[in-house]
Amino acid sequence: MGVRRGALIVLEGVDRAGKTTQCKRLVQALRDSGKEAEMMRFPDRTTMIGQLISSYLEKKSNLEDHTVHLLFSANRWEQVPLMKKKLEQGISLVVDRYAFSGVAFTSAKPVNPAEVAGRGGFGDERYETSVFQRAVQQKFEQLIKDPSVNWKVIDAARSIEDVHTEIKTLSENAINIAENQPIGELWK
Ligand code: Z5A
């Protein structure tokens, strides 16, 4: 019997929702239970494209909105061959943000910049304001209505442990289902 493929598990959400914390916990838990799992994150700031994005997010450079959107997209596409290879090898990928962030953040940009300016910030990077993050959340709420994507909504306002337990159960189910399905294409 051939190798069973891994699952693509993506954690999305607004800034500070706990995505990175949960991705790390999930990878560790899956490995502890004998499953092959690796973490990835987007933007991947380690590549040349990722460095352009990082400089933009840190407000060290300015980029035209379409340009930065395409850079985020290119930053994912440059990893797709590797991602497919790992999935085919039976490794489940736990991914901290993916294309849904690309849609949600870019489409949230029509938010009035004057309204955003001066509001309480989360951090120092671009996009880290509560008004902008609310707009992003609304975009995510639209995206989860797409039945072609297997969305699960997690209440992240609970303890790290409680959120982890739910994500782990959902992920184990997703891995079991994915094993018997071919690798598909997003939004095709
Ligand atoms: N972006 C985009 O525009 N287009 C794209 O295509 C993509 C991304 C892919 C950088 O992303 C920006 O890029 C991001 C979207 C945009 N802009 N914003 N906002 P990033 O991944 O580098 O940054 P981030 O996603 O905002 O990560 P983050 O700030 O690190 O948030 P997080 O991963 O969701 O949270 P965390 O690091 O796991 O936790 C934050 C803190 O909360 C930490 O101290 C934890 O210990 C604590 N925490 C976590 N969970 C809990 C619970 N349950 N209770 C209490 N405390 C908790």
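Arg134 sits in helix H7, which spans residues 130-143. The model is a predicted one, and in it Arg134 counts as partly exposed because 13 C-beta neighbours lie inside 10 Å. Arg134 and Ala108 are 26 residues apart along the chain, and their C-alpha atoms are separated by 8.9 Å.

**A loop residue: Ile91**
- Ile91 is found in the loop that runs between helix H4 (80-88) and strand S3 (92-96).
- This residue has 17 other C-beta atoms within 10 Å; a buried residue would need 20 or more, so Ile91 is partly exposed.
- Setting aside neighbours within four places in sequence, Ile91 is in contact with Gly6, Glu36, Ala37, Glu38 and Lys86.
- Ile144 lies 53 residues from Ile91 along the chain, and 25 Å separates the C-alpha atoms of the two.

**How H3 and H5 pack**
- Two packed helices are described by the angle and the distance between their axes.
- Helix H3 (residues 65-77) and helix H5 (residues 99-107) have axes that come within 10 Å and cross at roughly 170 degrees.
- Angles over 145 degrees count as roughly antiparallel, so H3 and H5 are roughly antiparallel to each other.
- On the H3 side, the contact is made by Asp65, His69, Phe72, Ser73 and Arg76; on the H5 side, Ala99, Gly102 and Thr106 take part.
- By residue type, this contact of H3 with H5 divides into two nonpolar, four polar and two charged residues.

**Around the ligand**
- Which residues come nearest to the ligand? Of the 24 residues around the ligand, they are Gly18, Thr20, Thr21, Gly102 and Phe105.
- Helix H1 (19-32), H5 and helix H8 (160-178) are the elements that give two or more residues to the shell around the ligand.
- The shell around the ligand divides into ten nonpolar, seven polar and seven charged residues.

**The annotated region**
- An unreviewed UniProt entry carries the annotation "domain: Thymidylate kinase-like" for residues 11-109.
- Over residues 11-109, the chain is 56% helix and 11% strand.
- The end C-alpha atoms of residues 11-109 are 21 Å apart.

Technical notes:
Residues are numbered from 1 along each chain as its sequence is written. This is a predicted model: local features need pLDDT of at least 70, side-chain atom pairs count only at pLDDT 80 or more; totals for chains, interfaces and linings use all residues. Axes are lines fitted to C-alpha atoms, for helices over the stretch in contact, and angles run from 0 to 180 degrees between N-to-C directions. Helices (H or I, at least four residues) and strands (E, at least two) are DSSP runs, numbered from the N terminus. Angles under 35 degrees count as roughly parallel, over 145 as roughly antiparallel, 65 to 115 as roughly perpendicular and the rest as oblique. Two residues are in contact if their C-beta atoms, placed from the backbone, lie within 7 Å. Ala, Val, Leu, Ile, Met, Phe, Trp, Tyr, Cys and Pro count as nonpolar, Asp, Glu, Lys and Arg as charged, and the others, Gly among them, as polar. A residue is near a molecule or strand if its C-beta atom, placed from the backbone, lies within 6 Å of it. UniProt positions are given in the numbering used here, feature names are shortened, and annotations may be inferred rather than shown by experiment. A residue is buried if 20 or more other C-beta atoms lie within 10 Å of its own, exposed if 12 or fewer, and partly exposed in between; C-beta atoms are placed from the backbone.
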